[in-house]
Amino acid sequence: MANHYAIIAGSGNTSRANVEALLEDYIYAHKKHKLNFVLAFNKKPSQGQVFAAQLALEKNIDLLIICREGASLNNLPSASVSFNEEPFTLATTISEKDTAVGFIMPSLDEVEYTDKVIRAFSEAGIEMLDLTKGLTPIKPMSENSSNEDIDESYQNTDVADIAARVKERSEEHTSELQSH
């Protein structure tokens, strides 16, 4: 039985019912594999990650937590914990890319954090699914894309909203610098 990894990251909001329904579908689809849930975060788990961890406990799925030293582990069940200054990068290296899927919870309130998560998964070549939007695939913008390509590059995902917001902030910052 081959190991398969569901790497859960991001700080976006989602409900317990959503997390459970989508991850249970994933568990069912991969019942021939030995599933492992991996939570990756900096300072504290998102509410969606707590829900995923509780589901792992309920379904007897191995749980690994990768976070920075001193991170809060409140509300999480007992699990193996690995401390690392780059938890998202480490999380994407624990398996071959074809045996891992990233379940991402994008947040419009934490654009830089979401970008860091998506960048780590993209650089590792790991498939990303939006856990806040029914497992819609997240397709990161290529390095050669221009700002005009943002909506097309992030087609059908919340990341389009995030990318547009980052672009807007960048333009505002550039205007402020030019006015001084």
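## Helix H2

In helix H2, Gly48, Gln49, Val50, Phe51, Ala52, Ala53, Leu55 and Ala56 are buried. Buried means under 20% relative accessible area, exposed means over 50%, and partly exposed lies in between (1.4 Å probe, protein chains only). Helices (H or I, at least four residues) and strands (E, at least two) are DSSP runs, numbered from the N terminus.

The buried residues of H2 pack against S1, H1, S2 and strand S3 (62-67). Contact here means heavy atoms within 4.5 Å. H2 covers residues 47-58, and its twelve residues should span 16 Å at 1.5 Å a residue. Its end C-alpha atoms are 17 Å apart, which agrees. The expected span is 1.5 Å times one less than the number of residues. After H2 comes Asn60, with a positive phi near 60 degrees.

## The model and the chain

This is a predicted model: local features need pLDDT of at least 70, side-chain atom pairs count only at pLDDT 80 or more, and totals for chains, interfaces and linings use all residues. Residues are numbered from 1 along each chain as its sequence is written, and side-chain values use heavy atoms, with hydrogens and water left out.

The chain has six helices and seven strands. Along the sequence they follow the pattern β-α-β-α-β-β-α-β-α-β-β-α-α. Of the 180 residues, 44% are buried. Among contacts with a separation of 6 or more, 69% join residues 24 or more positions apart. The accessible surface comes to about 10000 Å² (Shrake-Rupley method, 1.4 Å probe). Carbon and sulfur atoms hold 44% of that surface.

## The sheet

Seven strands form an open sheet in the order S4-S3-S2-S1-S5-S6-S7, with mixed pairing. Strand S4 (80-83) and strand S7 (136-137) stand at the edges. Each has a single partner strand, so one side of each is left without a neighbour in the sheet. Two strands pair if DSSP finds at least two bridges between them.

Strand S6 (residues 127-130) and S7 run antiparallel, joined by two bridges. There, Asp130 stands opposite Thr136 in S7.

## Helix H4

Helix H4 (residues 111-124) lies across strand S1 (3-9), strand S2 (34-41), strand S5 (100-104) and S6. H4 runs at about 170 degrees to S5. Axes are lines fitted to C-alpha atoms, for helices over the stretch in contact, and angles run from 0 to 180 degrees between N-to-C directions.

H4 has 14 residues and reaches 20 Å from its first C-alpha to its last, close to the 20 Å expected. Its buried residues are Val111, Tyr113, Thr114, Val117, Ile118, Ala120 and Phe121. Gly125 follows H4 and has a positive phi, near 75 degrees.

## Aromatic pairs

Rings of Phe, Tyr and Trp (its six-membered ring) pair if their centres lie within 6.5 Å; planes under 30 degrees apart count as stacked, over 60 as edge-to-face and the rest as tilted. The count comes to two aromatic pairs. The rings of Tyr26 and Phe103 have centres 4.8 Å apart and planes at 80 degrees, so this pair is edge-to-face. Tyr26 sits in helix H1 and Phe103 in strand S5, 77 residues apart. Both Tyr26 and Phe103 are buried.

Phe88 and Tyr113 also pair edge-to-face, with ring centres 5.5 Å apart and planes at 85 degrees. Phe88 lies in helix H3 (residues 87-91) and Tyr113 in helix H4, so the pair ties together parts 25 residues apart in sequence. Phe88 and Tyr113 are both buried.

## Lys31

Lys31 is in the loop between helix H1 (16-29) and S2. At 54% relative accessibility, Lys31 counts as exposed. Its C-alpha atom is 9.8 Å from that of Met1, 30 residues away along the chain.
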